[in-house]
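Open the model in your viewer and keep the selection panel at hand.

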Amino acid sequence: EKVIEIKKIGVVQHPNKYLGLSKDSSFEDVQEYLSKDPSSNCPKPCSCHTVGKKDSCYEHVVWAQKFGLKHLDWYPELSATSTFEDIQAYLHRQGHSECPLPCTTSNEEQHGNLRNATKAPILGEEPEQHKQQQAHEDTACRKAAPGSQCEKDIKFAMNRGVIDHPEWYSGLTKFSTFEEFQSVIHQNDNPKHPCPKPCECHTSVRGEDCFKHVAWVIREGIEKQPTWYQGLNTRSRFEDVQKRLQEDTTTLCKAPCTKVEWGSPSLFCFSVFRSQGYEVDLVKSQVEKGAGIFECDEFAVLSDQELPITKQIKTLRIPPAENVGVSKDGTAANTEIFMKAWGVIWTDAKWRAHDWVIKADPDAVVIVSRLRDHLRQYTGQNIYMKNCQKYYGPGWPMMFGSLEAFTNQAIDAYFKGAQNCRKNLQWQAWGEDLFMGNCLDMLGVQAAFDEHIIGDNVCKGANCYDGVTAVYHPFKNAEMWFQCYNQATR
């Protein structure tokens, strides 16, 4: 508001007070001036540049303004009245590296020549001009239009085609991006339903500097500095945060790829397993088919070592734990391992946008569609799920660790109160599922019981034919695991 006041009134009525500024100064020029005054509370603006005729971006903006906006489905964020700066900003966000972030300006004269040069084509244009226009339209990158046959083909390929007919989509997997599928379909060149060439994109992955920056914004930045991230909140999706960071001129982030549509309620799922033993091959077999937790909207796999599961999927490493023994129930006293695993999940930050966080054992056969149905009624509440009534009496029902389900609100409460649990509970001889249940109870998280959410041979048994249960456990090799999965899903 102070910037606008100075632009409209200050520099006109008191030019000597604002040396170096004029009525033609950009919004950012004025903000830069104010940022040098500590009492103004104005942060230093991002650097910007509205391109001119000598800049390579200029031709792209002019073409879009002259021809491209006739096809508004190519530019979903723009309209027929979008300004030069609007178009330049859009191209910048879409990853056109030659197009910097434009400055904000209210100067009506700055692009007067541009407006004269970018009138709609008139009748009688030379044929060669039409050819050049058509050639540009044919080669310009753009996202598949919503509702188009191209978009339908891409979604089919992502959801079913690449699983049923992998030979149709060479080099792609269920986890490839929307744009990667669009590129393959574009290259197939169906004349009846052509797919345009997609624009370059890259959604940052674990291990990259951009990913670390996005994760920090999700974990801490939005809460600590909300004015820096206007339009975002702590449940914003990773791509939306990356897109915001990509606007910064010093960014390490590229334009993110198209967001994948999530189910409802959305699920972030993860498994923890040892780097030695049968679980590695079991997990790899599930990844290959996109089954189990790999049908969740997003997922992670954690281990004591960083392992390549596929070219696209690597394990997140859990720091070593010192106190691992046998619990009072004769199972692994693995609470400290899972405390560290949950710390990795918090740092990763992918869980934050989801309705539910699911921890499943690698030998648990997870039927994601049924799991959503079981959890839907509790979504948005501060709840975790108990799933086994093996006995009656104190402590039952309880949450068995083969499948642990927590709402976003419950896990947020855990992360905020985990140190209190560690300090005040006698957890050293407990299994991690007993610890999590007692910790959440202590933190005031409510428990709901669903006896049909799991069929566990450690509880009351697993019948893969029952048509109701969401998770069956344990099935410790790929043949047994997929036999149960196929029985449950056919």
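Select cysteine 199. Neighbours within four places in sequence aside, cysteine 199 is in contact (heavy atoms within 4.5 Å) with Gln94, Cys141, Arg142 and Glu179. Cysteine 199 sits in the loop between α8 (178-188) and α9. Helices here are DSSP runs of H or I with at least four residues, strands are runs of E with at least two, and both are numbered from the N terminus. Buried or partly exposed? At 16% relative accessibility, cysteine 199 counts as buried. The cut-offs are under 20% relative accessible area for buried, over 50% for exposed, and partly exposed in between, with a 1.4 Å probe and protein chains only.

A word on the source. This is a predicted model, in which local features need pLDDT of at least 70 and side-chain atom pairs count only at pLDDT 80 or more, while totals for chains, interfaces and linings use all residues. Residues are numbered from 1 along each chain as its sequence is written, and side-chain values use heavy atoms, with hydrogens and water left out.

Next, cysteine 201. This residue also lies in the loop between α8 and α9. At 25% relative accessibility, cysteine 201 counts as partly exposed. Show its contacts: Glu179, Ala255, Pro256 and Cys257, not counting residues up to four places away in sequence. Glycine 263 is 62 residues from cysteine 201 along the chain, and their C-alpha atoms are separated by 23 Å.

Step back to α8. Its buried residues are Phe178, Glu179, Phe181, Gln182, Val184 and Ile185. They pack against α7 (149-164). Just after α8, stop at aspartate 189, which takes a positive phi of about 55 degrees.

Now go to α9 and pick valine 217. At 2% relative accessibility, valine 217 counts as buried. Leaving aside neighbours within four places in sequence, valine 217 is in contact with Ile222, Tyr229, Val241 and Leu245.

At what angle do α9 and α10 pack? The angle is about 110 degrees, with the axes 10 Å apart. That makes α9 roughly perpendicular to α10. Axes are lines fitted to C-alpha atoms, for helices over the stretch in contact, and angles run from 0 to 180 degrees between N-to-C directions. Angles of 65 to 115 degrees count as roughly perpendicular, under 35 as roughly parallel, over 145 as roughly antiparallel, and the rest as oblique.

Show the side chains at this contact. Cys210, Phe211, His213, Val214, Val217 and Ile218 in α9 meet Phe238, Val241, Gln242 and Leu245 in α10. They divide into eight nonpolar, two polar and no charged. Here Ala, Val, Leu, Ile, Met, Phe, Trp, Tyr, Cys and Pro count as nonpolar, Asp, Glu, Lys and Arg as charged, and the others, Gly among them, as polar.

Stay on α10. Seven of its nine residues are buried. These are Phe238, Glu239, Val241, Gln242, Arg244, Leu245 and Gln246. Their cover includes α4 (84-93) and α9.

Turn to the other partner, α12 (residues 335-348). The axes of α9 (residues 209-224) and α12 come within 8 Å and cross at roughly 100 degrees. That makes α9 roughly perpendicular to α12. On the α9 side, select Phe211, Ala215, Arg219 and Glu220; on the α12 side, Trp346, Thr347 and Asp348. This contact divides into three nonpolar, one polar and three charged residues.

Last stop: the largest nonpolar core. Of its 36 residues, Leu267, Ile358 and Leu375 touch the most other members. A nonpolar core is a set of buried Ala, Val, Leu, Ile, Met, Phe, Trp, Tyr and Cys residues joined through side-chain atoms within 4.5 Å. Among the elements that each supply at least two residues are β1 (267-273), α11 (279-289) and α13 (368-375). A second, separate core has 33 residues, including Val344, Tyr384, Phe406 and Leu440.

Zoom out to finish. The protein has 16 helices and twelve strands.
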